[in-house]
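Try each one before reading its solution.

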Amino acid sequence: MTKRTSAKYKLDRRMGENIWGRAKSPVNKREYGPGQHGQRRKNKLSDFGTQLRAKQKLKGYYGDLTEKQFRKIFAEAERVKGETTENLIGLLERRLDAIVYRAKFVPTVFAARQFVNHGHVTVNGKRVNIGSYRVKEGDVVAVRDRSKQLAIVLEAAQSAERDVPDYLEVDHSKMTATFVRTPGLSDVPYPVVMEPNLVVEFYAQN
């Protein structure tokens, strides 16, 4: 499990964007960065800075993955057939914790990883407790029977804050989600603009 070393919304403040689209994000009230110098006028970012920011935003969105984890996923996206940007998004969205989050079984991607780690989830009937587990098309992800009445699950399922994307078939009465297909960038309901092309540029030059 990746240790969360920063406050929940610190990334929002640092990026100046509500990257998870949450109503409670501090960016909704103040768009300047954190710290005593946060309200100073922002300098224009260099190409490197723009690329780095795009990488931090995408990496942070999926629960603040470590650089080692993210680079490993990127290397695979480069290696497999197809466009690297689309492959990268597809690999990230196939993570079990991402599926649990997208299916609205829990309210946040951080909660999703913890939920998986604590053994509340099955894939095709077998318990899986690794957030980075890669789901395949046709796999059925389900909340275990003993976990279906947890408050966090009931609240998330009823939340109107976000919608379930069409590459998942979700039945909240049974708490199951079938991974229908691997999505591309345009399929993923990011609340902010993600630029995986800049991530590719970043790793190409660094």
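**Exercise 1.** Find which residues form one aromatic cluster in this predicted model.

*Solution.* The cluster is made up of Phe-48, Phe-70, Phe-74, Phe-202 and Tyr-203. Now zoom in on two of its rings. Phe-70 and Tyr-203 have ring centres 6.4 Å apart and planes at 40°. Last, check accessibility: both Phe-70 and Tyr-203 are buried.

**Exercise 2.** Classify the pair formed by Tyr-61 and Tyr-190, then locate both partners.

*Solution.* Start with the geometry: the centres are 5.1 Å apart and the planes make 80°, which is edge-to-face. Then look at the chain: Tyr-61 sits in helix α2 (residues 47-61), while Tyr-190 is in the loop between β5 (176-179) and α8 (196-205), 129 residues apart. Tyr-61 and Tyr-190 are both buried. Finally, Tyr-190 has a charge over its ring: the charged end of Arg-102 is 5.8 Å from the ring centre.

**Exercise 3.** Work out which members of the largest nonpolar core touch the most other members.

*Solution.* The core has 49 residues, and the answer is Leu-58, Tyr-62, Leu-88, Leu-96 and Val-100. Helix α6 (residues 109-117) gives the most to this core, with six residues. Now follow Leu-88: beyond its neighbours within four places in sequence, its contacts include Leu-58, Phe-70 and Phe-74.

Terms used:
Residues numbered from 1 in each chain as written. Predicted model: local features only at pLDDT ≥ 70, side-chain atom pairs only at ≥ 80, totals over all residues. Heavy atoms only, no water. Core = buried A, V, L, I, M, F, W, Y, C linked by side-chain atoms within 4.5 Å. Buried < 20%, exposed > 50% of the residue type's maximum accessible area, 1.4 Å probe, protein only. Helix = DSSP H or I, 4+ residues; strand = E, 2+ residues; numbered from the N terminus. Contact = heavy atoms within 4.5 Å. Phe/Tyr/Trp six-rings, centres within 6.5 Å; stacked < 30°, edge-to-face > 60°. Lys NZ or Arg CZ within 6 Å of the ring centre and 35° of its normal.
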